[in-house]
Amino acid sequence: MPGLAAERTNPVFEACAICGSEDWNPVYQGPVRDGRFGSLTAPSVVARCGGCGVDRLDEENCRDEDFYSSEDYRKSLGQGSDTAAFLAGHDTQQAERLKVLGPVSLRSCKIADVGCAGGSFLDQVADLAAEVLAIEPGSAYHDSLRQRGFAVYPFATEARDHAGSVDWAFSFDVIEHVSDPKRFLTDIAELLKPVGRLLLSTPNRDDGLLNLAGEAYRRFFYRVHHRWYFDAQALTAVAGQAGLMVERVDYVQRYGISNAVTWMREGRPSGDQVLAELDNPALDRVWQDHLEQSGRADRLYAVLRRSDT
Ligand SMILES: [Zn+2]
């Protein structure tokens, strides 16, 4: 996109919020997604920090954190902002998270979901827990979360009464949005018991389609809602700065081979739609296993614990 790239001056990248480095090197230049597929920004820059290895979108094209407190965020994704609409769209995604969590008992635990939105994950695990903290800036969800018996806080910093007492914290697909990931993880770490754990997820910036599907996929993968882009190494670096250490990393490939082929052939997602020629669950399983085993899957999960214990 030489014409478009020439239309803008290089954005200024301020000192890294995670490590303080001012050494930024571009890894992507071009338009990025603004909401649904096909909605694009003007040319933007994603650069890698030479200190901690995190990638970030230039601030000019990022959404303010206030955006997530309003209904505009879900609307921009074409999703409903009320709780019923959220639950209808997200309940089925929770099986993936429970599978990654594995054989862990949450019985009698104090748990927290940081950025829980409508609370789909909490609904799956709350019955076993002794106490549930629903931490969510989007106030549209608060009444419903309270009605389900959860203690509701807009931010972890406002749940300080629970410092050092949470057995398991969860945060799914949130860290990539926040203005300061180091602060975000520090605030969660302060909630954890010395033996507490945090399970978080974020898009994997080693996603194999970034190479296989080239430019079309890159302008979809990078998006205004995501300020930060992590691989396991960068996530380990920010965790270390926040007093946490990565205990385990898991990769999950959500989309099957039909989606990958459609991206490579037509430069667009097919989502869960299966191509007739590839309609064999065994193909998807091999494809997904391959990406997960090689760390090239679309989703990155990590279990973290306090590094002072
Ligand atoms: Zn950095």
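Okay, let's start with helix H11, residues 257-266, where the buried residues are Ile 257, Ser 258, Asn 259, Ala 260, Thr 262 and Trp 263. Keep in mind that this is a predicted model. What do those buried residues of H11 pack against? They sit against three helices: H8 (209-212), H9 (214-221) and H12 (281-293). Just past the end of H11 comes Gly 267, with a positive phi of about 65°.

While we're on phi, let me show you two residues that aren't glycine. In general, most residues other than glycine have a negative phi. Ala 117, however, has a positive one, about 50°. You'll find Ala 117 in the loop between strand S4 and helix H5 (120-125). Is Ala 117 buried or exposed? Its relative accessibility is 3%, so Ala 117 counts as buried. Asp 173 is the other one, with a positive phi near 60°. Asp 173 is in the loop between S7 and H7. The relative accessible area of Asp 173 is 19%, and the cut-off for buried is under 20%, so Asp 173 is buried too.

Now, the zinc. Which residues hold the ion? Four cysteines coordinate it through their SG atoms: Cys 16, Cys 19, Cys 49 and Cys 52, at 2.3 to 2.4 Å. The angles between the 4 donor atoms run from 94 to 115°, and that is why the arrangement is tetrahedral. For reference, the ideal angle for four tetrahedral donors is 109.5 degrees. Along the chain, the donors follow the spacing C-x2-C-x29-C-x2-C. Cys 16 belongs to the loop between helix H1 (2-5) and strand S1 (24-30), while Cys 49 belongs to strand S2 (residues 44-49), so this pair ties together parts that are 33 residues apart in sequence. Both Cys 16 and Cys 49 are buried.

On to the nonpolar cores. The largest has 41 residues, and the ones touching the most other members are Val 54, Ile 135, Leu 185 and Leu 198. Quite a list of elements puts in at least two residues each, including S2, strand S5 (131-135), helix H7 (181-191) and strand S11 (299-306). Take Leu 198 and skip its neighbours within four places in sequence: its contacts then include Trp 168, Phe 170, Leu 185, Ile 188, Leu 244 and Val 303. There's also a second, separate core of 27 residues, and among its members are Val 100, Val 152, Trp 168 and Val 252.

Last topic: empty space. Rolling a probe the size of a water molecule over the atoms shows where it is left. The second largest pocket holds about 300 Å³. Its lining includes Glu 96, Lys 99, Arg 248, Asp 250, Arg 254, Arg 285 and Glu 292. Val 100 and Val 252 are in that lining as well, and we met both of them in the second core. Which element gives the largest share of the lining? That's S10, with 4 residues. Helix H4 (94-101) and H12 each supply at least two, and H12 is one of the helices that H11 packs against.

The largest cavity has a volume of about 30 Å³, and its lining is made of Ala 156, Thr 157, Arg 160, Ala 163, Asp 187, Glu 190 and Leu 191.

That's my tour, thanks.

Technical notes
Residues are numbered from 1 along each chain as its sequence is written. This is a predicted model: local features need pLDDT of at least 70, side-chain atom pairs count only at pLDDT 80 or more; totals for chains, interfaces and linings use all residues. Side-chain values use heavy atoms; hydrogens and water are left out. Donors are N, O and S atoms within 2.8 Å of the metal (3.2 Å for Na, K and Ca); water is not among the atoms, so sites may look incomplete. Four donors count as tetrahedral if all angles lie between 85 and 135 degrees; four count as square planar and six as octahedral if opposite donors are over 155 degrees apart and all others between 65 and 115; anything else is irregular. Buried means under 20% relative accessible area, exposed over 50%, partly exposed in between (1.4 Å probe, protein chains only). Contact means heavy atoms within 4.5 Å. A nonpolar core is a set of buried Ala, Val, Leu, Ile, Met, Phe, Trp, Tyr and Cys residues joined through side-chain atoms within 4.5 Å. On a 1 Å grid over the protein atoms alone, a cavity is a set of points where a 1.4 Å probe fits but cannot get out, and a pocket is an open set with protein on both sides within 12 Å along at least five of seven lines; lining residues have an atom within 4 Å of a point. Grid points are joined across faces, edges and corners, and a volume is the space filled by probe spheres set on the points.
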